Each structure stands twice: as structure tokens, then as C-alpha cells.
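Subject: Structure handover

Hi,

Here is the structure for you to look through. My notes follow below it.

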Amino acid sequence: MWLELHEVVRRFGTRAAVNGLSFQLERGAIGCLLGPSGCGKTTALRCIAGFEPIDDGVIRAQGVVLAKRGESIAPEKRHIGMVFQDLALFPHLNVHDNVAFGLAHVSRDERRRRVEELLTVVGLADRCFHYPHQLSGGEQQRVALARALAPKPDIVLLDEPFSSLDSELRERLGLEVRQVLKRFGATALLVTHDQREAFAVADVVGVMRDGRLEQWATPYELYHQPATRFVADFIGEGVFLPGDIVGPSAVQTELGVLHMNGGARWRPGQRVDLLLRPDDVIHDDASPLTAEVCARTFRGADFLYTLRLPSGTQLLSLVPSHHDHAIGERIGIRIEPDHVVAFERKSS
Amino acid sequence: MAVVAAELAPPRSSRAADLRSFLLLAVLCLPALVPLAVVLSAVLTPEVEVWSHLLQYVLPEVIANTIVLVVGVSLGAAVLGTLLAWVTSACEFPGRRFFEWALLLPLAMPAYVLAFIAIGYLDYAGPLQSWLREVFGSSRWVPPIRSTGGVIAVLTLSLYPYVYLLARAAFLSQGRRAQEAARSLGMSAARAWWRVVLPMARPWIVAGAALVAMETLADFGAVSVFNYDTLTTTMYRAWFGMFSVNAALELAAVLLVFVLIVFAFERRARAGLRFATTRDLSQQAPRIRLRGARATLATCFAAVVFGLGFFFPVLQLVLWVVERAAMDLDARYFEFVMHSVVLATSAALIISAASLLVAYLERHHGTLMVKLLVRIATSGYAIPGTVLAIGIVVPIIGVNNTLQSWLSAWLGPSAPALLLQGTLITVLLAYFARFLAVGFNPVESGLNRITAAIDEAAVSLGAAGFQLVRRVHVPLLRTSLMTAAILVFVDVMKEMPITLIARPFGWDTLAVRVFEMTSEGEWERAALPALAIVLVGLIPAALLTPRGEHVA
């Protein structure tokens with residue numbers, strides 16, 4: 001495994017910011033730690049970079065131990081590049097010298113060639129002699145990435161790299177960053193609280209909460225097969241529909257009996273909540289099942305309707321935007337879930 | 001937030017490294033602490049005759065003089081500095097851009113220079129009164145310059161820039177919102193000024209006035225020119241005239257009590273500096289465009305202060321120099337210059353290096369204890385030079401005598417005579433205590449601008465330890481270090497009491513020369529060394545941009 005964390009713990013005083021974090025990243029893969037602020041994702045990144053010691057567990061890269069309790073390879077010896085949240089470009093150096101900073105040990109020609117190559121890839125070849133303060137936010141971002149990639153690090157870490165940019169720029173740059181990383185075959189780990197950013201950049205995403213991973217999976221799996229209620233809640237939109245297990249994979253709900261794919265762990269009679277994504281609830285005028293529109297958000301290509309069932313339960317439904325219904329109207333719906341995921345109902 | 005702070009803090013250092021830095025800092029605190037300890041020990045072992053003499057004949061007048069002077073100068077500087085700051089920051093009038101910068105120039109002129117020019121020019125025998133007598137036959141109606149009012153006026157003109165600087169920063173940072181709110185609540189512009197603008201700037205004005213009070217308490221040169229007896233001049237006389245170490249130290253204790261009171265004032269005012277508001281310059285209130293008589297009045301006001309505080313004094317200096325240069329510009333003069341430059345350069349180098357060291361220790365071992373020690377080490381700026389000098393010379397004489405007696409016991413009569421108190425080390429130690437803060441402040445703020453992420457970026461790119469310092473910190477700190485060195489250099493060039501008391505025998509500097517000439521009333525002959533000091537003093541004023549935006 002290219003990068004491997006095993007039961008990593010990092011405490012600040014009595015609080016464990018990282019609390020038994022384990023995951024593995026393959027060579028050339030782009031991973032992402034996603035979670036709300038304070039979940040420990042940045043601390044985890046800093047442990048991998050070597051700026052924080054770890055109190056327990058082990059971090060390995062290509063089988064070599066980078067850090068374990070009481071032992072730590074110095075950050076400058078880890079061959080790990082980093083893109084910082086505030087970018088941390090050196091204000092006294094121009095773009096060329098910033099990118100060349102980590103290339104002190106290579107020959108001058110090699111250095112110039114490498115910097116030129118990187119700047120061309122990130123589209124800043126003509127900004128060579130500009131200083132950081134003369135660049136736009138997006139340009140600074142790309143310089144920071146080029147600088148981190150210049151010494152050909154084994155792993156590149158990106159700490160909320162887009163947080164200083166406006167949201168429109170973020171997604172575009174996210175894709176650009178992914179392309180650049182892929183082009184250099186870099187193994188990378190990103191940290192963010194923004195799932196769109198995570199999904200745009202990463203191959204595999206870990207959702208973190210209270211210092212540990214809730215789930216480590218592809219974006220598709222996170223969305224459609226969340227392992228925990230927290231992941232279901234944190235990723236995407238959706239509602240929980242109460243129901244009772246009536247068969248090995250059948251759930252009785254007020255919308256009828258729904259079938260789960262693989263429900264071996266449930267016993268009949270158990271009370272569960274089913275996750276229904278807005279795209280699982282289809283608008284169908286022919287359907288006998290109706291619900292009242294109680295809120296709507298126009299999103300351009302579609303409407304997101306909040307619907308109320310007779311019982312009072314609310315559903316979200318994504319509907320093409322030519323279906324314009326007023327609040328208070330009753331519309332027909334059909335449930336067509338690709339994956340029905342159930343969570344044990346919390347007894348309240 | 002606490003979590004974020006904890007996560008972003010630099011890696012904790014080891015306990016052994018913490019201890020090393022603690023000890024190192026403790027040593028750097030000694031130059032400031034030893035004088036205080038010496039004064040304290042003198043207070044704890046009072047000599048009855050000395051005290052009764054002081055109490056009966058010296059202290060009543062000297063303390064009254066000191067209080068009158070400090071109160072008068074602080075009030076004068078507060079009023080003058082605030083008015084000038086407001087006029088130049090809130091109004092528009094002919095010459096505003098020039099005066100905004102030029103009104104800082106009196107900082108380049110030590111108070112003792114302004115003092116001897118004022119007396120030389122305005123006294124009975126001076127050019128002005130002589131001319132008046134020629135024209136009108138009498139000059140008796142001219143108020144005497146050698147008076148309490150005279151010395152207060154001179155010190156006010158020389159020290160108001162402290163208030164001006166701080167008050168201007170306050171007015172500029174206020175923005176227009178508060179005034180607009182006041183106006184929207186029905187206040188007239190004038191009332192809004194009294195009720196909102198001025199009160200909001202008050203902490204800055206008080207802090208500036210406290211600095212002025214501190215400088216006034218520490219002033220030695222100007223009051224000696226006026227023969228106005230304050231605690232500093234009396235200490236100096238007790239030291240050199242009466243050769244009474246104990247009397248000098250008891251007076252130092254009294255002076256320190258005054259300093260403490262002002263210091264407490266200053267701290268309290270500083271605590272109020274929190275409600276700084278807008279940083280966004282587009283939020284600044286538009287200037288009030290003065291017209292007609294008001295514009296003329298504003299220009300005249302600024303011009304008069306600039307003229308009295310800088311322009312005419314410098315002109316007079318130049319005239320005297322032209323008159324006397326042929327006679328004074330000799331080998332001895334170049335010796336004074338050389339002595340001054342050697343002292344100022346050594347102090348600048350030592351203090352900038354120490355500032356960098358202290359700033360690094362604070363950055364990497366930022367324990368509470370370390371922060372406290374940094375405060376102590378840099379607190380010498382508040383202690384008057386006379387106190388520091390005597391407080392350092394006395395123990396060095398003690399060490400010297402002890403060593404001498406050991407040496408004599410060991411070698412007998414052939415033992416060489418030691419003269420530790422007469423070396424440059426003594427005077428440099430006192431400068432170190434007094435001016436460490438001057439060098440430390442720019443270096444510290446420069447280092448603070450280098451974020452932890454910058455360090456980490458360099459480390460992750462392979463530049464750790466010495467490489468980090470060489471490739472990132474030194475280039476980024478170059479300006480701060482230059483600033484620190486220049487400020488210390490200039491301050492040492494101007495410094496008078498420490499140099500007088502602690503310098504090696506015969507090591508006369510420009511400031512010492514000015515003192516000697518002025519104590520003999522030879523104003524014209526003091527002009528040449530004084531002009532050199534003023535010219536050096538202009539360097540930092542030139543560094544302040546005309547807009548004064550970079551002023552702390």
C-alpha cells in the first residue's frame with residue numbers, strides 16, 4: 001500500500017482530535033477526508049505531513065514507518081508535498097522561485113526544465129516573474145500546487161486548498177487540480193468540508209466524525225450506500241422514512257412495501273428508517289399516491305419539492321423544472337429507489 | 001476556536017530546550033533588572049544623613065519641578081498633538097500632504113538641541129532681543145525664555161509628535177460609520193466630534209501623552225540646558241558633584257516611583273486600544289474641505305508648529321554652523337563623530353542580533369514564563385537613562401574593586417589596576433537595557449508576519465533548520481532587521497545621560513560635546529555636533545512614508 005494509516009491517535013490535552021483513524025491509499029489514487037469542521041481531518045493531514053506527532057497507531061508509506069508513538073521521521077525527510085489552506089506562498093520569491101524552492105538539490109538546467117514543465121501544465125508559464133501578491137486567488141492556488149509537485153513527492157497533501165476562493169471558482173479549480181494530479185500520476189490526499197469539492201477531486205472519500213472514519217468509499221457508494229446515519233445525513237440530501245421489517249428484505253412503509261438489496265441483518269418486526277434521496281421520489285401524475293407540495297426550490301434544470309404525506313412525513317423530490325406546481329397543490333408520486341438503505345430507528 | 005488554535009500551534013518544544021531558552025532569556029533580562037535591584041537595595045539600606053539632606057534641601061523643590069514639568073508637557077503635547085492629528089487626518093487644506101509628514105520631523109531633533117537653540121536665540125543676549133533693543137530701545141517686555149514656561153514649551157514642541165502619531169492613527173482608523181451614526185441620531189458635526197470622535201480616540205491620546213510623560217521624566221539634556229532642576233539632573237549632580245552614590249540611588253528610587261505611576265497610566269490606556277475599527281481605507285470619512293479663513297488658519301497653525309519645532313531651529317543651527325564651522329571642524333570633531341558612530345553601530349548590531357534571538361525564543365518556546373521574561377527584558381525603555389547608567393556602573397565598580405583586591409592579594413603591589421567601569425562594555429550594557437525594546441518591536445512584528453504555514457511549506461519542501469532561516473526568514477526579515485538597526489543607531493546617536501555617565505574616560509561623543517558646550521553657554525559651538533545628530537535623526541523620519549500609513 002502506498003499510504004497506510006493504522007489506528008492513528010492524536011490528542012490535544014484530554015481531547016482526541018484523531019481517534020483511531022485507519023485507511024489505505026493506493027499508488028496514484030486521490031483520497032479525500034471529508035467532514036464537518038472540528039472532525040480532526042486537518043490534524044490527520046498534519047500527522048501524515050509530520051507537523052504533528054502521533055500518540056498511538058502507525059503511519060506507513062510504501063511499507064516504511066513514517067510515524068508511530070514516540071517516533072517520527074522529520075517532515076522534510078518524508079517526501080510529502082503539501083498545499084496549505086492559506087497557500088503559504090513565499091512572499092519574497094517570484095512564481096518561478098517559489099516553484100523551484102524544493103528543487104535545491106537538482107542541477108540548474110534540470111530545475112529550470114522542471115519549473116517550466118509544471119508552470120505550463122498549470123497554465124502559468126507567462127507568470128514566471130510575477131510575485132504572489134500580483135496573482136489572482138486561482139493563480140496563487142495553482143502556484144501552490146506546482147510548488148508542492150515540483151520535488152516529485154511520493155504523496156501530495158492538500159489542506160482545504162480551495163477555501164479562500166469563491167464557490168464558482170472552486171469546482172472548476174477542483175477539476176483542474178484533479179487533472180494535474182492525474183497527469184503527474186501523483187498520489188494525493190485532500191481535506192475538505194465541502195462534498196462537491198471532494199467528489200470533484202477524489203477517487204475515494206472518507207467521511208470523518210469525531211476523529212474517526214465513518215466510511216471510506218467511492219463518492220457513488222457514499223451517496224447511494226451510506227454506511228451510517230451520519231454519512232447519510234452529511235452526504236447529499238434526503239429524508240428518513242419510518243418503516244417496519246416484514247420480510248428478509250422487505251420493509252412496510254406508509255408508501256407501501258419497499259425492497260432492500262441485501263438485508264440479512266434485519267429481523268422481522270424491527271423498526272427502521274429508510275433513506276430516501278430526492279431522486280428516489282419520482283413525480284408521476286398517473287400514480288395513485290399523492291403528496292402535498294409544502295416548499296419548493298427552483299434550481300434551474302429542476303425543482304426540489306418538499307412534499308408532505310397525509311401522515312405528516314416529509315419527502316424531498318427532484319422534478320424536472322417544467323413541472324411547475326404551486327405550494328399547496330397535491331401531486332402524484334412514485335418511489336423508485338435504486339438502493340434502499342435502512343438504519344435502525346432511534347428510540348425517542 | 002481553542003481547538004483550531006491548538007491544531008495550528010507550532011509543535012511543542014522539548015522540556016530541555018524550554019529550559020535552555022528560559023536561562024538565555026533570564027541572562028538577557030539582567031541589564032534591565034540589575035539597575036532596579038541596585039536602586040531597591042539602596043532604598044532598603046538608607047543612609048539617614050543623605051535622606052535628611054535630600055528631604056530638607058533637595059526633594060521638595062525638585063519634586064515640585066518634576067511634577068509641574070511632566071503635567072505641563074503632557075497636557076501641552078496632548079492638546080497640540082491631538083489638534084494637529086485631527087486637522088491633518090480629517091480636514092483638507094493647502095499644504096496638508098506636506099504637513100502630515102513634516103509635523104513628524106521634530107522627532108528627529110533631540111529636546112536638548114531645541115532647548116539650547118531656543119535659549120541661544122531668545123535669551124537676553126540672543127539675536128532676537130538684541131535686535132529688538134536696537135529697534136525699540138528695550139526688550140524688557142519679552143517674556144523670559146529661561147523659565148518654567150520656557151522649558152515646558154520647548155519640551156512640548158519636541159515631544160508632541162508621539163501624541164500626533166497615535167492620535168492620527170486613531171482618527172484614520174475610526175472610519176466614518178461612528179460619525180454617521182451620531183449624525184443620524186441628530187447630533188451636529190461639532191457635537192459628534194466631542195461626543196464620538198474624540199472619546200473614541202481617547203485611549204490613543206492618553207497612551208501618547210503617557211509616552212510624552214515618560215520621555216519628560218527621563219529627559220536630562222533639555223532641563224540641564226535650562227538649569228531647571230528635576231530628578232534626573234539632581235541625580236547627575238549627586239553622582240558627579242557630590243560623589244554620593246547613595247544620594248543618587250535614593251533619587252533614582254523617587255524617579256522610578258514617578259515612572260511606575262506613568263507606566264500604569266500607559267498600560268491602562270493601552271488596554272483601551274482595542275476598539276480600533278476599520279482597516280478598509282474606503283470606509284474612511286471624506287475629508288472636510290476647509291475654505292477661506294479656516295483653511296488659512298489651519299495652514300498657519302501647522303506652519304507655526306512646524307516652523308517653531310523644526311524649521312527655524314534647524315535654520316539657526318545651520319547659520320551658527322556656517323559662522324563657526326571653520327573653527328570647529330577639526331580633528332577633535334571627527335573624533336566625536338567617530339566615537340558616536342562606533343557606539344551607535346555596536347549597539348545597533350548587538351541589539352538587532354539580540355532582538356532576533358529574543359523573538360525566536362518567544363516564537364518557539366512561547367510559554368507564559370518566556371513571554372514574561374521578554375516583557376522584562378524589553379521594559380528598560382521605560383527606565384530613565386540616568387537610572388540605568390548609575391544602576392549599571394555601581395555594580396560594575398563593585399565587581400571591579402573585588403577583583404582588584406583579589407588581584408592585589410595575589411600579585412602584591414605589582415598588580416595591574418583594573419578599570420572595568422571605564423570600558424565600552426558598561427555603556428553598551430546600559431544601551432542594551434534602554435533600547436532593546438526599540439530593536440525588538442520591529443523584529444517581533446516582522447517575525448509574526450511569517451505564518452506557521454510558511455515555515456511548514458518550507459519544511460515540507462525540504463528546507464528545515466538553518467536552511468529555513470537562511471532561505472525564508474532572513475530574506476523576509478531583512479527589512480525588519482534594518483529598521484531595528486537604524487532605529488537603535490539613531491537613538492544611541494541622540495542619547496545623552498547614559499553616554500555621559502557610563503562612557504569610558506575621554507570617550508566624548510557628539511551628544512557629550514553638545515552637553516559640554518551648552519553647559520558653558522557656548523550655543524554656537526554646540527551647533528556643529530547638534531546638526532550632525534539632527535541629520536542622522538532624519539533617517540527614520542525619511543523612512544516613514546509621507547502618508548504615514550506604516551506607522552505603528
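Six strands of chain A make an open sheet with mixed pairing, in the order E7-E8-E9-E3-E10-E11. Strands are DSSP runs (E, at least two residues), helices likewise (H or I, at least four), and both are numbered from the N terminus. Two strands count as paired if DSSP finds at least two bridges between them. Strand E7 (80-83) and strand E11 (212-217) of chain A stand at the edges with a single partner strand each, so one side of each has no neighbour in the sheet. Neighbouring strands are turned by 20 degrees against each other on average, direction ignored. Axes here are lines fitted to C-alpha atoms, for helices over the stretch in contact, and angles run from 0 to 180 degrees between N-to-C directions.

Within this sheet, strand E3 (residues 30-34) and strand E9 (residues 187-192) of chain A pair in the parallel sense over five bridges. Leu34(A) has Thr192(A) in E9(A) as its bridge partner.

A word on the source. This is a predicted model: local features need pLDDT of at least 70, side-chain atom pairs count only at pLDDT 80 or more, and totals for chains, interfaces and linings use all residues. Residues are numbered from 1 along each chain as its sequence is written, chains are lettered from A and ligands numbered from 1 in the order in which they are written, and side-chain values use heavy atoms, with hydrogens and water left out.

Chain A also has an open sheet of five strands, E14-E13-E12-E15-E21, with antiparallel pairing. Its edge strands are E14 (256-259) and E21 (341-344) of chain A, each pairing on one side only. The twist averages 45 degrees from one strand to the next. Strand E12 (residues 239-245) and strand E15 (residues 271-276) of chain A pair in the antiparallel sense over six bridges. Phe240(A) stands opposite Leu275(A) in E15(A).

Now the salt bridges (a side-chain nitrogen of Lys or Arg within 4 Å of a carboxyl oxygen of Asp or Glu). The count over all chains is 32. One of them joins Glu139(A) and Arg127(A), with the closest N and O atoms 2.9 Å apart. This pair links distant parts of the chain, twelve residues apart: Glu139(A) is in helix H4 (residues 137-149) of chain A, and Arg127(A) is in the loop between helix H3 (108-121) and H4.

Last, the interface. Contact (heavy atoms within 4.5 Å) takes 22 residues from chain B and 25 residues from chain A. The buried area (accessible area, 1.4 Å probe, lost on putting the two parts together, summed over both) is about 2000 Å², and carbon and sulfur atoms give 66% of that. The rule finds one salt bridge across the interface of chain B and chain A. Glu456(B) forms a salt bridge with Arg46(A), the closest N and O atoms being 2.7 Å apart. On the chain B side, helix H1 (2-8), helix H18 (452-460) and helix H19 (466-494) each supply at least two residues. H18(B) gives the most, with seven residues.

Best wishes
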